[in-house]
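Good morning, and thank you for the time.

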Amino acid sequence: PVISRFFTPMMQAVNEAAQGSGYGFLVSSSEEDPKREREALEVFVAKRISGILLVPASQGNRELICSIKQGGTPIVQVNRRIPGLAVDSVTSNNFNAAYRATMHLLNRGCRRIAFLGFDPRTLSGDEKLAGFEKALQERGIVNPLVITVRDHDGKNVAESLSSFLDLNRDIDGLIGSTQGKTAVALQVLKQKGVRIPEDIAVVGFDDTPWSPLLDPPLTVVTENTYSMGRQAVQLLLDRIEGRKKGPSRDIMLEDELIIRSSA
């Protein structure tokens, strides 16, 4: 869902770079739906666009993406990457980010850490979950606590977390897998009278202007989506204008763990 606070800096960077090079910028949001993604790609190709920046919803349109590339339209994957697909990409190291966030909670003494928001349909969700599980395994903790949420509806996220907390009252750590899910988690914890970090330490994904203003200020893993957008559009322009040919390039950016009082 690119029409969101997380993607806004990225779109700003793309728009600035595109217009600075004499190109327009069209936006479509798949809302994590492979069918909508396919429809958007087909519309873009029909409009004879110069190139596509794609945040892939899943692996469902792999063949279409390959076909578009083979047809001469450059594509760059942004924020997520379909494994094994020979198409340029600029992504974050989601595995390492979740690993570091989990290790931070473990190092401060947490042992019952829950991961909120795993969606098996998304590519970044798999990477974050793998990093979370790897950190727990290294500390000998089995049976990871994962709260699966298959959509972005805040009400459903809140209900899933609330039910999970009612059944798991010994949780002492929580990782929100996205900005939106972290915000919902903070609301649920407040409603239940859970103290942060005394009862449950919280780490969120993606920093916001309000994160340091919360009580307590929120520890976050932050991705520089503006930089990601700049690098992605540069890769695309290099392909469009013939400065780069040959094998696909994969750029992976490291996230930053900003430690504040919530964990």
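I begin with a lining: helix α7 and strand β7 (201-205) each give at least two residues to the lining of the largest cavity; helices (H or I, at least four residues) and strands (E, at least two) are DSSP runs, numbered from the N terminus. This is a predicted model, in which local features need pLDDT of at least 70 and side-chain atom pairs count only at pLDDT 80 or more, while totals for chains, interfaces and linings use all residues. Residues are numbered from 1 along each chain as its sequence is written, and side-chain values use heavy atoms, with hydrogens and water left out.

The largest contributor to that cavity lining is α7, with three residues. On a 1 Å grid over the protein atoms alone, a cavity is a set of points where a 1.4 Å probe fits but cannot get out, a pocket is an open set with protein on both sides within 12 Å along at least five of seven lines, and lining residues have an atom within 4 Å of a point. The largest cavity holds about 40 Å³ of space, a volume being the space filled by probe spheres set on the points, which are joined across faces, edges and corners. Its lining consists of Q179, T182, A183, G204, F205, D206, T208, W210, L218 and V220.

What of the largest pocket? About 700 Å³ of space lies there. Of its 34 lining residues, F25, L26, F44, I52 and L53 lie nearest the centre. Elements that each supply at least two lining residues include α1 (8-20), α2 (34-46), β1 (52-54) and α8 (225-240).

I turn now to helix packing. How do α6 and α7 pack? Helix α6 (residues 154-167) meets helix α7 (residues 179-191) at an angle of about 50°, their axes being 9 Å apart. Axes are lines fitted to C-alpha atoms, for helices over the stretch in contact, and angles run from 0 to 180 degrees between N-to-C directions. The pair α6 and α7 is therefore oblique; angles under 35 degrees count as roughly parallel, over 145 as roughly antiparallel, 65 to 115 as roughly perpendicular and the rest as oblique. On the α6 side, G154, V157, A158, L161, S162 and L165 make the contact (heavy atoms within 4.5 Å); on the α7 side, K181, V184, A185, V188 and L189 do.

Lastly, α1 and α8 pack at about 35°, with axes 7 Å apart.
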